[in-house]
Amino acid sequence: MTDKTSIKEALVQYGISPSRPRLAILEYLRTHCTHPTADEIFHDLKEAVPTLSLTTVYNTLKLFAEKGLCLSLTINEKQVCYDGHTHPHGHLLCSRCGKVYDIERSEMPMEPSENYICGHRITEVHYYYKGICSKCLPDDMAS
Ligand SMILES: [Zn+2]
Ligand SMILES: [Zn+2]
């Protein structure tokens, strides 16, 4: 689905020069729906991209988030995580396993509203749900 050309085109389209680390990080984000942290991305990519440093990963993710190429999620106050899927959707943080799950708009109880609210222009909407995920729920009920 995500080939190298489309990754490169996406960077160019967002006005970002496509260096090797940037290509690798964007490809990682687009192919991992796990909402990874900068540390996780660095850990997984450092072998494939030997020139990569943790600082580069942080700076690249910051740049991507500013340009709208990825979302930075602060749902877990202990660590920021990143999402390559920028369409409006909500997130659930499981208090047991710490995983962040996508909640699609169609599954959310209310529809996100228009682009302007009380005269303020909305550029990002975050829906954060906290709870216990469906995988951890049976354990929870057993205890
Ligand atoms: Zn869980
Ligand atoms: Zn997501």
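Trainee: In what order do the elements of the protein chain run from the N terminus on?
Mentor: The order is α-α-α-α-β-β-β-β-β-β-β-α. The chain holds five helices and seven strands. Helices here are DSSP runs of H or I with at least four residues, strands are runs of E with at least two, and both are numbered from the N terminus. This is a predicted model: local features need pLDDT of at least 70, side-chain atom pairs count only at pLDDT 80 or more, and totals for chains, interfaces and linings use all residues. Residues are numbered from 1 along each chain as its sequence is written, while chains are lettered from A and ligands numbered from 1 in the order in which they are written.

Trainee: What box do the C-alpha atoms of the protein chain fill?
Mentor: Roughly 45 × 45 × 30 Å, taken along the principal axes.

Trainee: Into which domains is the protein chain divided?
Mentor: Domain 1 covers 4–73 and domain 2 covers 87–142. Those bounds come from an automatic or database domain assignment. Taken over C-alpha atoms, the domain centres are 23 Å apart.

Trainee: At what angle do helix α3 and helix α4 pack?
Mentor: About 125 degrees, with axes 9 Å apart, for α3 at residues 38–45 and α4 at residues 54–67. Axes are lines fitted to C-alpha atoms, for helices over the stretch in contact, and angles run from 0 to 180 degrees between N-to-C directions.

Trainee: Why are α3 and α4 called oblique?
Mentor: Check the cut-offs: under 35 degrees is roughly parallel, over 145 roughly antiparallel, 65 to 115 roughly perpendicular, and the rest oblique. An angle of about 125 degrees falls in the rest, so the pair is oblique.

Trainee: Which residues in α3 and α4 meet?
Mentor: Ala38, Ile41 and Phe42 of α3 meet Leu54, Val57, Tyr58 and Leu61 of α4. Contact requires C-beta atoms, placed from the backbone, within 7 Å. By class, this contact has seven nonpolar, no polar and no charged residues. Nonpolar covers Ala, Val, Leu, Ile, Met, Phe, Trp, Tyr, Cys and Pro; charged covers Asp, Glu, Lys and Arg; the others, Gly among them, are polar.

Trainee: What makes α2 roughly perpendicular to α3?
Mentor: The axes of α2 (residues 20–31) and α3 cross at roughly 115 degrees and come within 11 Å. That angle puts α2 roughly perpendicular to α3. Their crossing is right-handed. Ala24, Ile25 and Tyr28 of α2 meet Ile41, Asp44 and Leu45 of α3. The classes are five nonpolar, no polar and one charged.

Trainee: Why do β4 and β7 count as edges?
Mentor: The open sheet of three strands is ordered β4-β3-β7, with mixed pairing. β4 and β7 (128–131) each have a single partner strand, so one side of each lacks a neighbour in the sheet. The twist averages 25 degrees from one strand to the next.

Key: Pairing = 2+ DSSP bridges. Contact = placed C-beta atoms within 7 Å. Left-handed = near helix turned anticlockwise from the far one by under 90°.
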